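This briefing sets out the chain architecture, the contacts between parts, and selected local features of the structure shown below. Points are grouped by topic.

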Amino acid sequence: MQATLSTLFKGVFVAALTLGLASTSTSAEEFPSKSISYIIPFGPGGESDISARHQQSHFKKLIGQDLVISYKPGGGGAVGWSQLNSMGKDGYTIMGINLPHIIIKPRQKDVGFKTDDIEGFYIFHYTPDAIVVTNDSPFKKLQDVIDFAKENPGKLTFSGSGKGTANHLAQITFDKLAGIKTTYVAFKGTGAAVQALLGNQVKGEWGYTSVGAKHAGKVRLLAVAMEERHPSFPDVPTFKELGYDIVSGAYRGIAVPKGTPDEEKKKLSDAIAKINADPEFRKTMESDGFALIDIPVDKYDDFIAEKTKGYVEAAKSAGVLK
Amino acid sequence: MAALENLLAAMSPMNFLLALGGVIAGTVIGSLPGLTATMAVAVLVPITFSMEPASALILMGAIYTGAIYGGAYSAILLNTPGTPSAIATTFDGYPMAKRGDGDLAVTLACIASVVGGLVGATFLLVLAPPLASVALAFGPVEYFWLAVFGLSLIAALSEGNLIKALMGGCLGLLLSAIGVAEVSADIRLTFGSQVLVGGIETVSALIGLYCVPVLIDLVATPDKHLKVSTQSKGLRLREAFSISWRNKFNLIRSSVVGTLVGILPGAGGSIAGLVAYSEARRSSREQEKFGKGAPEGIQATESANNATVGGGFIPTLVLGIPGTPPDAVILGALLVQGVKVGPNLFTSEGSIVYTFIWGLFLATILMLPTGLIIGRYAYRSIIAIPKALLVPTVAFMTLIGTYSIRNSTSDVVIMVILGVLGWVLGRLGFSASPIVLGLILGSIAEQGFVQAWTIGSATEDLFGMFFGRPISLAIIAMIIISLFGPSLVRLFARSRANEEKQP
């Protein structure tokens, strides 16, 4: 126990020393001149973590500094986002943000932050919504799902990750567009929703393209909610092709504490853009089922405003928002 | 021959060092309350990017194994589970330490952990693909019943104070409902406070409810923390091995229970330990000794929780669904490495998987010498440090540990409040364990119930959903045995005695 204690003390001492040194470094240097703290407001191992880990391995190579990932989970992200603006405003602290979470949560109840409080500077990818079924499912194409649901209203069960989430809102939107009624069963996270699908506890899953990539060989996608087909799934049609106007998913971006200088924000935005443009990064992200998009700092506000309209409407008809 | 090749690859000097270093680091981290196996593995992820996938897996697996064992030290010596997996270790470990058998308890925990780890790794090596289907057979309703079974242990642990234990369990269930509900996204019982939005974090609740009362009592009483026998008895290895040999069936049964629970995603080491503990108690001829320092209790929990390591890797590697929270981190690291998990992993990338599994065996075996040495050192330090130093040191660790779980000061406040509450309730005769059981199992039960109810209503077969599935029925039978078994046995014994009196 003594050994463990002294290790702990050493750790604290070193951390204090690093902090002390860090604060004395001059701002005249080229930004970033030291490692950047990247906080994920979810637990380790989730998709937010995995996409951040992909960025982490390229950040060092392209930008020359370390990206240090830490976690602040709780309240579906609310714990982290409500504390974001009280953190260091020198550009060396950034935090992952997720849509629709930062739009829906603060409109449900006071969770300590408002959508406008979040100073996002980049949306770098999204995992498109998709209907996933097991390989032995009788549903071969989207029309089979619609036919079954029309004959058996409410009996078709879909698993999905959480309520008021991208999965849930996509299910509501699709039911409305197709004129059907299905039952959505919320699970804790995508992993549990896939487990229910593979175990035949439900007939299908409102999941993401990443589910198709991760569980290739056991599941197939019936349609994806993208503008164009996903490069990893050239045979899977988009909802749009089939006549249903749904382009949606879980968007991920990064924010800084309010008050961070515009110059640093711009540089961070450029850094993320550089990683997004890296062919190797693109390849690994796409083979994991992610879809890359580029919403840099100057287009962020318009993007949020546009997405807010769609999400709020879907959430209202889902009963998630009043 | 391929098997031999992979075995040799696992024994390469680099992998050997990674396994050794991983186990040592894991044991130390796991012994500190608040520093969990999940965090230990997460911190390592960036380091593993530059490694071969098999080496990365060995390092992370070794840390994970070590951390689960390390949780036993603080459970035995400070009555504080270092990780949630070690909750049931406190039941008998701390009483043993109090009466001066702390050294024996630590050695027993080490042997049990090694046995459990080896059994879990054996299942992973031999039966992984077929066993993965167990994870899929468990639907929402099975999780619901499993959680109810876990809650029924409150009755077994109540020690004659059933009403108080049930009240504690209800308090735990209420605590579990605080914050954002996982499946409905409702925000509940926060009373407008943002401190509570994130809910009650399990590990900080463990630290508060178990450790703080011990600290308060240490300050309030003049006695020494642990009784120390006058002559140093060393590791008491011979004694520990003979107890372990006598209880070999308990060890094997608990290891199998641990492996099976480990396969179920979302259940984890805490439930494995509790189920194995209650099974050991139920099948023991000396039930009354449990909770008062029975070695069997420590052996059951520690072998079961280390078996979840191998068990948890089964759905992780075969299905790509993490069995336990540390597995989720390891899965993420593998994805970044470009390794695609799934049933094909065992054939297409067999060399990675089997090298890793042999590495896990190696790490588990290395845990015996390292665990015994570190355990000896931990025990000696705890009894040698004067109380005036021990209390502030441990108090400081609880604060740092709680904060570090999710970098949250709210958690520290909640931990201290729960700690004081736990001490007051303890004086009134309520024990911490029912509260903790309610807190951990409440959300599993709730999610399973809501999901089963939703699916059952949609398919218009609610009764069949809850009472018509074979695995559910088996768990319900276990619940009935656990609740009414003891009284039935007593009834039976009494009627037998009556018969014998009247020939």
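In this predicted model, the cover over the buried residues of helix H7 of chain B includes H6 and helix H18 (432-458) of chain B.

**Helix H7 of chain B**

- The buried residues of H7(B) are B:Ala165, B:Gly168, B:Gly169, B:Gly172, B:Leu173, B:Leu175 and B:Ser176.
- Viewed down the axis of H7(B), these buried residues fall within an arc of 160°, so they line one face of the helix.
- An α-helix has 3.6 residues a turn, so residues three or four places apart point the same way.
- Helix H7 of chain B runs over residues 162-176, and its 15 residues should span 21 Å at 1.5 Å a residue; the end C-alpha atoms are 21 Å apart, in agreement with that expectation.

**B:Glu142 in helix H6 of chain B**

- B:Glu142 is located in helix H6 (residues 140-157) of chain B.
- B:Glu142 counts as buried because it has 21 C-beta neighbours inside 10 Å, the cut-off being 20 or more.
- Apart from neighbours within four places in sequence, B:Glu142 is in contact with B:Ile471, B:Ser472 and B:Ile475.
- B:Gly100 lies 42 residues from B:Glu142 along the chain, and 42 Å separate the C-alpha atoms of the two residues.

**Chain B as a whole**

- Chain B comprises 20 helices and 2 strands.
- The radius of gyration of chain B is 22 Å, close to the 23 Å given by the globule rule for 503 residues, so chain B is as compact as a globular protein of that length.
- Taken along the principal axes, the C-alpha atoms of chain B fill a box of roughly 65 × 65 × 65 Å.
- Of the 503 residues in chain B, 58% are buried.
- Among chain B contacts between residues at least 6 apart in sequence, 79% link residues at least 24 apart.

**Chain A as a whole**

- The secondary structure of chain A consists of 11 helices and 10 strands.
- A compact globule of 322 residues would have a radius of gyration near 20 Å, and the 21 Å of chain A agrees with this.
- The C-alpha trace of chain A spans about 70 × 45 × 40 Å along its principal axes.
- Buried residues account for 53% of the 322 residues of chain A.
- For contacts in chain A between residues at least 6 apart in sequence, the share joining residues at least 24 apart is 74%.

**Domains of chain A**

- The domain assignment of chain A gives domain 1 (36-126 + 250-318) and domain 2 (127-224).
- The centres of these two domains, taken over C-alpha atoms, are separated by 26 Å.
- The contact between them takes 16 residues from domain 1 of chain A and 18 residues from domain 2 of chain A.
- Helix H11 (residues 300-318) of chain A gives the most to the domain 1 side, with 5 residues.
- That side of domain 1 of chain A divides into 10 nonpolar, 4 polar and 2 charged residues.

**Contact between chains A and B**

- Chain A contributes 56 residues to the contact, and chain B contributes 54 residues.
- Elements that each supply at least two residues of the chain A side include helix H1 (2-24), helix H2 (47-63) and strand E2 (67-71) of chain A.
- Helix H3 (78-83), strand E6 (183-187) and helix H7 (189-198) of chain A likewise each supply at least two residues.
- The chain A side divides into 20 nonpolar, 26 polar and 10 charged residues.

Methods: Residues are numbered from 1 along each chain as its sequence is written. Chains are lettered from A and ligands numbered from 1 in the order in which they are written. This is a predicted model: local features need pLDDT of at least 70, side-chain atom pairs count only at pLDDT 80 or more; totals for chains, interfaces and linings use all residues. Helices (H or I, at least four residues) and strands (E, at least two) are DSSP runs, numbered from the N terminus. The radius of gyration is taken over C-alpha atoms; the globule rule is 2.2 Å times the number of residues to the power 0.38. A residue is buried if 20 or more other C-beta atoms lie within 10 Å of its own, exposed if 12 or fewer, and partly exposed in between; C-beta atoms are placed from the backbone. Two residues are in contact if their C-beta atoms, placed from the backbone, lie within 7 Å. Domain bounds come from an automatic or database domain assignment. Ala, Val, Leu, Ile, Met, Phe, Trp, Tyr, Cys and Pro count as nonpolar, Asp, Glu, Lys and Arg as charged, and the others, Gly among them, as polar. The expected span of a helix is 1.5 Å times one less than its number of residues. The arc is that of the directions from the helix axis to the C-beta atoms.
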